[in-house]
Amino acid sequence: MFDLNPELFEYGIATATFIVGAFYGLKKIKEKLFSEKKKKEQKEYWNIHSEIHEILTELRIRTDAARAQIIQFHNGEYFMDGVSMKKMSLTHESLRSGISAEVHQKKDVLISSYIDFIRSILESKHKFEIVALMKESYQRQLFFASNVVAYMAVPIVNKGMNVGYLIVHWCSDEKVDQVKEQVVADEMRHAKDRIEVQLSHQISLEK
């Protein structure tokens, strides 16, 4: 019968214990690092969206508008032929006191219902638009339903691609009469640049 050397046996037990301990120790370290990474990412996520909301609020105040919103394009479900539905959702909104929110109304909306309106935004150069002068459309009806008298919208771009748009609403004739179009255009351009930076940070965070 094989005679086991007690010293070798003890050495083997010690080695096995060390390996098992090291394995669990490394596992704990890995879990801790993963947890800390997730906490950091979560903190950065909240910081990004807090900053975006501050930018919107600042824009709304500077332009004396009733609403400032960010609409983002995204994929939705699929048609029967497998083609992805192109949708858009209101992701950020800043409101003047007493103005109704639209965030719950503008969620997973089919882009195909707003093609002409979105095309006008993508092709416009910070143009101030009076709703009453718009051509008859579904978007015009929605503006009237939301008491929007005038608006200005600009596309939001990431990596050369249109990913949504930034829009501000004015809901009273008095406010519209006081609008200085070039001043608002400059404010929109500045806010758009800052928002694009924050959204690019978000994309980097999710990779």
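In the predicted model, Glu58 counts as partly exposed, at 30% relative accessibility, whereas Arg62 reaches 52% and counts as exposed. The side chains of Glu58 and Arg62 meet in a salt bridge, with an N to O distance of 3.3 Å; because they stand four residues apart in helix α1, about one helical turn separates them. Both residues also belong to a network of salt bridges that links Glu51, Glu58, Arg62, Glu187 and Arg194.

The structure holds 12 salt bridges, and two further pairs are described here. In helix α2, which spans residues 115-123, Arg119 and Asp116 lie three residues apart, about one turn of the helix, and their side chains are joined by a salt bridge of 3.1 Å, N to O. Asp116 is exposed, with a relative accessible area of 58%, while Arg119, at 42%, is partly exposed. In helix α5, Arg189 and Asp186 are likewise three residues apart and separated by about one helical turn, and a salt bridge of 3.0 Å, N to O, connects their side chains.

The protein comprises five helices and six strands, which follow one another along the sequence in the pattern α-β-β-β-α-β-α-β-β-α-α. Of its 207 residues, 35% are buried, and the accessible surface comes to about 13800 Å², 58% of which belongs to carbon and sulfur atoms. Among contacts with a separation of 6 or more, 58% are between residues 24 or more positions apart.

The largest nonpolar core contains 24 residues, of which Met152, Leu166, Val168, Trp170, Met188 and Ile195 touch the most other members. At least two residues of this core come from each of α1 (6-63), β1, β5 (150-158), β6 (161-170) and α5 (181-206), with α5 giving the most, six residues. Not counting residues up to four places away in sequence, Met188 touches Leu59, His126, Met152, Ala153, Val154, Leu166, Ile167 and Val168. Apart from this core lies another, of 17 residues, among them Ile118, Val131, Met134 and Val148.

Strand β1, residues 67-78, also includes Gln72, which is buried, with a relative accessible area of 18%. The side chain of Gln72 makes a polar contact of 2.9 Å with the side chain of Thr91. Beyond four places in sequence, the residues touched by Gln72 include Lys87, Met88, Ser89 and His92, as well as Val163, Gly164 and Leu199.

Notes: Residues are numbered from 1 along each chain as its sequence is written. This is a predicted model: local features need pLDDT of at least 70, side-chain atom pairs count only at pLDDT 80 or more; totals for chains, interfaces and linings use all residues. Side-chain values use heavy atoms; hydrogens and water are left out. Buried means under 20% relative accessible area, exposed over 50%, partly exposed in between (1.4 Å probe, protein chains only). A polar contact is a pair of N or O atoms within 3.5 Å; within protein, one must be able to donate a hydrogen and the other to accept it, and residues adjacent in sequence count only if both atoms are side-chain atoms. Contact means heavy atoms within 4.5 Å. Accessible areas come from the Shrake-Rupley method with a 1.4 Å probe; for residues, only the protein chains shown count as cover. A nonpolar core is a set of buried Ala, Val, Leu, Ile, Met, Phe, Trp, Tyr and Cys residues joined through side-chain atoms within 4.5 Å. A salt bridge is a side-chain nitrogen of Lys or Arg within 4 Å of a carboxyl oxygen of Asp or Glu.
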